[in-house]
Amino acid sequence: MTKPRPPRKSASPSPAAQPPATPGARISRRAADRLRAGHLWVYASDIEALDLGSMAPDSSAPDPAPPALLPVADARGLLLGTALYSPTSQIALRLVARHALDEPAWLTLFAARLRAAIVRRRPMLTAETDSCRLVFSEADELPGLVLDKYANLLLVQRLARGLVTPAIANTLVRVLREELRDELAPTAILERPDPRMRELEGLAAPDLAPLWAADPHHPAAQTLFHLNDLAFHYDANAGQKTGAFLDQRDNYAAACAWAQRLNATARVLDVCCYQGGFALHFARIAGSVTGASVTGIDSSRASLEVAEQNLELNRAANGTQLKAQVDWIEADAFELLRDWSGSGKQGSGRQFDTIVLDPPAFAKSKRAVEGALRGYKELNLRAIRMLRPGGLLVTCSCSHHVGWPDLEAAVASAAADARRRVRLLERRGAALDHPVVLNQPESEYLKCLILEVE
């Protein structure tokens, strides 16, 4: 007769299966699946339960500040990791580790990731290009942190509430100034806040004092920096983004190379030229063409004034390379191109060998995509009509909400309306210092199509 088996002892649950030991956020299954797939964001709408308990820095205060770090668990209580917490943002949680993490451990991890990101960029810095993005937020496992190097100035953006702490600022300065001083040699570490992001994160206006300066009484805020052996003025207190468009560096060179292959350098139009990035690169390669001209259009007079200063700076440094005539026009791109792309009584019917379209982000949210695509189609339609047969079109979008299929469909529709055949030469993204992480699709925002218009 078979003896009955004794009851099996229940196995002790593994540490990973335990609910978080401290209060935190419990998120929806959809959000948990997204984190397990490698994404780092949890939206506020995906938080099913939130218990801050005594986690606030001073929980006895009448209105305690929210904690910077928060444990994140799925609906069953299984720990998914630790995140930066933003109580007012739609992106409420940004995962920084897939395990439990207290502040001292987070600061150690933050410093290690900061060093690693900079070491990865070191080969990109040369005598010809002394500036690049050193840290690209989630793509470098430092959510909400952007760090750019403009020659001897380091520009910081902290775009998540959980990073705006004295401890993070002190760690930044220590690593950048003390541990990496030989590689970076900064004269100042400046913070350039993004007003829109600070509003979304519920942050007050920042202290405008530098995080660190070699001369605290007269901190440097201006410098000259170099991309592809061209010099540019930089002012930390002016301009868009962190002041310049470092992400287009490789596209400047690629566009010029294609223009030379197609012999499309005599007449160049740079639309939304900002401070002259594409225009100056084309002016350099057009110098050997008799009567060559480059025209830059932008709606910002301040940007065009800097573009002119950059032109004179490079002509003074190497005038033999920049002989092309360069003109700057302050105008609304849509209105001017609508006029120029006409013929006869409808417009001047101007024609160019190469046209660059690099507009600002048209879609800053998913709801704006439809209108943005109409804008992209309109600009590309006007440009295609103004290109001579065999001309080059370089068209860009910096809206991550606009995907490659959307942008290409807008350009194809414009080509059909213009009754022109457009041949794809190359798809390009941001420079290598702005890496794309496949698990975080938002890291791929810049799209650049290089096209031959037949």
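Guide: Contact means heavy atoms within 4.5 Å. The model is predicted.

Visitor: Which residues in α10 does α9 meet?
Guide: Start with the α9 side, which brings Ala-333, Phe-334, Leu-337, Arg-338 and Trp-340 to the contact. Their partners in α10 are Gly-375, Glu-378, Leu-379, Arg-382, Ala-383 and Met-386.

Visitor: How many residues of the contact of α9 with α10 are charged?
Guide: Sort the contact of α9 with α10 by class.

Visitor: At what angle do the axes of α9 and α10 cross?
Guide: Two packed helices are described by the angle between their axes and the distance between the axes. Here α9 covers residues 333-340 and α10 covers residues 369-386. α9 passes α10 in a left-handed crossing. Their axes come within 9 Å, and the crossing angle is roughly 35°.

Visitor: What is the hand of the crossing where α6 passes α7?
Guide: On the α6 side of the contact are Asn-251, Tyr-252, Ala-255, Cys-256, Ala-259 and Gln-260. They meet Gly-277, Phe-278, His-281, Phe-282 and Ile-285 of α7. This contact of α6 with α7 has seven nonpolar, four polar and no charged residues. The crossing of α6 past α7 is right-handed.

Visitor: What arc around the axis of α1 do its buried residues cover?
Guide: Helix α1 takes in residues 29-36, and its buried residues are Ala-31, Ala-32 and Leu-35. They lie on the same side of α1, because the arc they cover around the axis is only 100°.

Visitor: Which exposed residues are on the face of α1 turned away from its buried side?
Guide: Take the buried side of α1 as the reference. Its cover includes the strands β1 (25-27), β2 (41-43), β4 (69-73), β5 (79-85) and β6 (91-97). The face turned away from that side carries Arg-29 and Arg-30.

Visitor: What is the phi of Gly-38?
Guide: Gly-38 follows α1. Its phi is positive, near 115°.

Visitor: Is Ser-303 buried or exposed?
Guide: Ser-303 sits in helix α8, residues 301-318. Leaving out residues up to four places away in sequence, it touches Tyr-274, Gln-275 and Asp-298. Buried means under 20% relative accessible area. Ser-303 has 7% relative accessibility, so it counts as buried.

Visitor: What separates the C-alpha atoms of Ile-450 and Gln-248?
Guide: Ile-450 belongs to strand β20, residues 447-453. Its relative accessible area is 0%, which means Ile-450 is buried. Beyond its neighbours within four places in sequence, Ile-450 has contacts that include Ala-254, Ala-255, Trp-258, Leu-392 and Leu-424. Gln-248 is 202 residues from Ile-450 along the chain, and their C-alpha atoms are separated by 13 Å.

Visitor: What share of the contacts with a separation of 6 or more comes from residues 24 or more positions apart?
Guide: The chain has 11 helices and 20 strands. Its C-alpha trace spans about 100 × 65 × 45 Å along the principal axes. Of its 454 residues, 51% count as buried. Among contacts with a separation of 6 or more, residues 24 or more positions apart account for 68%.

How values were computed
Residues numbered from 1 in each chain as written. Predicted model: local features only at pLDDT ≥ 70, side-chain atom pairs only at ≥ 80, totals over all residues. Heavy atoms only, no water. Buried < 20%, exposed > 50% of the residue type's maximum accessible area, 1.4 Å probe, protein only. Helix = DSSP H or I, 4+ residues; strand = E, 2+ residues; numbered from the N terminus. Arc of directions from axis to C-beta. Axes fitted to C-alpha atoms, helices over the stretch in contact; angles between N-to-C directions. Left-handed = near helix turned anticlockwise from the far one by under 90°. Nonpolar A, V, L, I, M, F, W, Y, C, P; charged D, E, K, R; others polar.
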